[in-house]
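Here is a short report for a reader new to this structure. Please keep the sequence and the 3D view open while reading.

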Amino acid sequence: MDVIELAPYKRLTNEELIEEIYSEIVKLKIISENDDEQQYLKEAMIFNAMIIETKRRNLKIDKTKLIDEILKW
């Protein structure tokens with residue numbers, strides 16, 4: 001059986017993809033606070049695929065903004 005990869009973020013523009021990465025960080029923080037390990041792993045896999053897509057497109061993410069998103073709250 002073939003594995004079908006669903007990646008709707010592949011259709012996003014570069015700017016939209018980067019904004020989705022920032023919002024995914026927020027989702028991961030919320031899920032981690034709720035101790036829902038299964039949901040966290042699912043979202044982490046999505047986040048990882050977004051990072052891979054970012055690298056594939058050779059995009060640069062503003063590290064300062066990324067760190068702010070991670071440390072915010």
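K27 and E24 sit three residues apart in helix α1, about one turn of the helix. Residues three or four places apart in an α-helix point the same way, because a turn takes 3.6 residues. The two side chains form a salt bridge, with the closest N and O atoms 3.7 Å apart. Side chains of opposite charge can pair when their charged atoms come close. E24 counts as buried, because its relative accessibility is 1%.

This is a predicted model. The structure holds four salt bridges.

K65 is partly exposed, at 31% relative accessible area. E19 is partly exposed too, at 44%.

E53 is buried, with a relative accessible area of 2%. R57 is buried at 19%, because the cut-off is under 20%. A network of salt bridges links E53, R56 and R57.

**The fold**

How many helices and strands does the chain have? There are three helices and zero strands. Along the sequence the pattern reads α-α-α. The chain has 73 residues, and 26% of them count as buried. Its accessible surface comes to about 5900 Å². Carbon and sulfur atoms hold 56% of that surface. Take the contacts with a separation of 6 or more: residues 24 or more positions apart account for 73% of them.

**Helix α1**

Helix α1 has 20 residues. The helix reaches 29 Å from its first C-alpha to its last, close to the 28 Å expected at 1.5 Å a residue. Its buried residues are L17, I18, I21, Y22, E24, I25, L28, K29 and I31. What covers them includes α2 (37–56) and α3. After α1 comes D35, whose phi is positive, near 55 degrees.

**The core**

In soluble globular proteins, nonpolar side chains tend to be buried together. Which residues make up the largest nonpolar core here? The eight are Y9, L17, I18, I21, Y22, M50, L59 and I61. Helix α1 (residues 14–33) gives the largest share of this core, four residues. I61 touches I18, I21, Y22, T54 and L66, leaving aside residues up to four places away in sequence.

**A patch on the surface**

Some nonpolar residues lie on the surface instead. I67, I70 and L71 form a nonpolar patch there. Together they have about 310 Å² of accessible area. I67 is found in helix α3 (residues 63–71). L71 is found in helix α3 as well. I67 counts as partly exposed, because its relative accessibility is 45%. L71 is exposed, at 66% relative accessible area. L71 and I25 are 46 residues apart in sequence, and their C-alpha atoms are 10.0 Å apart in space.

Methods:
Residues numbered from 1 in each chain as written. Predicted model: local features only at pLDDT ≥ 70, side-chain atom pairs only at ≥ 80, totals over all residues. Heavy atoms only, no water. Patch = residues over 30% accessible without salt bridge, like charges linked within 9 Å, V, L, I, M, F, W, Y side chains within 5 Å. Areas by Shrake-Rupley, 256 points an atom, 1.4 Å probe, with all protein chains shown as cover. Helix = DSSP H or I, 4+ residues; strand = E, 2+ residues; numbered from the N terminus. Buried < 20%, exposed > 50% of the residue type's maximum accessible area, 1.4 Å probe, protein only. Core = buried A, V, L, I, M, F, W, Y, C linked by side-chain atoms within 4.5 Å. Contact = heavy atoms within 4.5 Å. Expected span 1.5 Å × (residues − 1).
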